[in-house]
Structures are given as structure tokens and as C-alpha cells.
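Here's a quick tour of one protein model, starting with the overall build and moving on to charges and surface patches. Have a look first, then read on.

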Amino acid sequence: MSENENDTTTAFLRAEKTALRLIARAEQCTNGLARKLEKRGFDSACIGEIITKLTELKLLDDHRFACFWLRSRLRLTRSPRQLLSSLCARGIDRDDAETAFKTVLDQDTELALIKRYIKKYARKIRGKDRLSIKYFLKGEGFSANVIQQFLDEE
């Protein structure tokens, strides 16, 4: 093995070890892990190989990351639109983000979220009619059936 090949192999192993350490610490998304490895000075070709390998081994999964991330943020008072936007900003593909949303956000969970959201933003809807509230919530990404359920309960 030439010295150049040995250096490449060593760099790959160091990058892989770093990636595994990051994954062991917390769930990672593809884009986030790549940025972290790049920040640590690893070569982009090496990073690409590691991302591919870890994805094939199911150690790196953007859908799983999106689901974990969403579950951890549901206790916050944010709208589905804000949550989806934050996921996409982390490099999660919009389709993957929406699929994770459907996995995590069942009707009861979304109803609880909408109630917390309304309580936090009561001043924005104070004095508005049902139709205005409905449009406001729809614009924030809440589903039509949960909005209707919420309005029927109020």
C-alpha cells in the first residue's frame, strides 16, 4: 500500500470514527452529519462514502431523525408550518419531512398542539369569527379535520 493510500484509509477511518461518535451521542440527519464532518476538516469525497455506508447500515436515516426531532419539539408551542420549515432548514427533504409528520402527528397529538398554539396566540385571534380562525390555523399548517374538531369543541 502506498503512502497516499495509507493516508486516505487513515483519514477515512478517522472520519468514520468521528461520525459514529456523533451518531452515538444523538440521532443525526444526513445533511447535519455531513456539515459536522466538513467542519472538522474531512474531505467531501470521504464524507460522501461515510454517509453512504452509514445509510446502508441503517445507522443514518433522515426519516428516523425527522420523527425523533418532531417528537422532541411537539411539547413546544409551534405550528406544523414552523416545525416543517425547521426540519427542511436542517436539510431534510420536504417529502421526508411531511412523511415524518404523518407518522408522528396523529389526530389527538395535533389537537393538543392546536390547543396550546391557540392559547399562546390568543391575542392574534381575539375577536375574530370562526372562519377567520379557521383560515389562520390552516395557514399555520394544521389539518382541516383537526381545525374543525377544535372549533366544534370550543
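What percentage of the 154 residues of the protein count as buried? The figure is 36%, where buried means under 20% relative accessible area, exposed over 50%, and partly exposed in between (1.4 Å probe, protein chains only). Bear in mind that this is a predicted model: local features need pLDDT of at least 70, side-chain atom pairs count only at pLDDT 80 or more, and totals for chains, interfaces and linings use all residues. Residues are numbered from 1 along each chain as its sequence is written, and side-chain values use heavy atoms, with hydrogens and water left out.

**Overall build**

The protein has ten helices and zero strands; helices (H or I, at least four residues) and strands (E, at least two) are DSSP runs, numbered from the N terminus. Its C-alpha atoms fill a box of roughly 75 × 25 × 25 Å along the principal axes. The radius of gyration is 21 Å, whereas a compact globule of 154 residues would come in near 15 Å. That radius is taken over C-alpha atoms, and the globule rule is 2.2 Å times the number of residues to the power 0.38.

**Salt bridges**

There are six salt bridges in the structure, each a side-chain nitrogen of Lys or Arg within 4 Å of a carboxyl oxygen of Asp or Glu. Among them are these:

| Pair | Closest N and O atoms |
|---|---|
| R64 and E27 | 2.9 Å |
| E140 and R81 | 3.0 Å |
| E153 and K115 | 3.0 Å |

R64 sits in helix 4 and E27 in the loop between helix 1 and helix 2, so this pair ties together parts 37 residues apart in sequence. R64 is partly exposed at 27% relative accessibility, and E27 is partly exposed at 25%.

With E140 in the loop between helix 9 (130-139) and helix 10 (144-153), and R81 in helix 5 (residues 80-89), the second pair spans 59 residues of sequence. E140 is buried at 9%, while R81 is partly exposed at 42%.

**Surface patches**

Patches are made of residues with over 30% relative accessible area and no salt bridge; like charges are joined within 9 Å, and nonpolar side chains (Val, Leu, Ile, Met, Phe, Trp, Tyr) within 5 Å. L20, L57 and L59 make a nonpolar one of about 250 Å². L59 lies in the loop between helix 3 (44-56) and helix 4 (62-73) and is partly exposed at 36%.

Technical notes. Accessible areas come from the Shrake-Rupley method with a 1.4 Å probe; for residues, only the protein chains shown count as cover.
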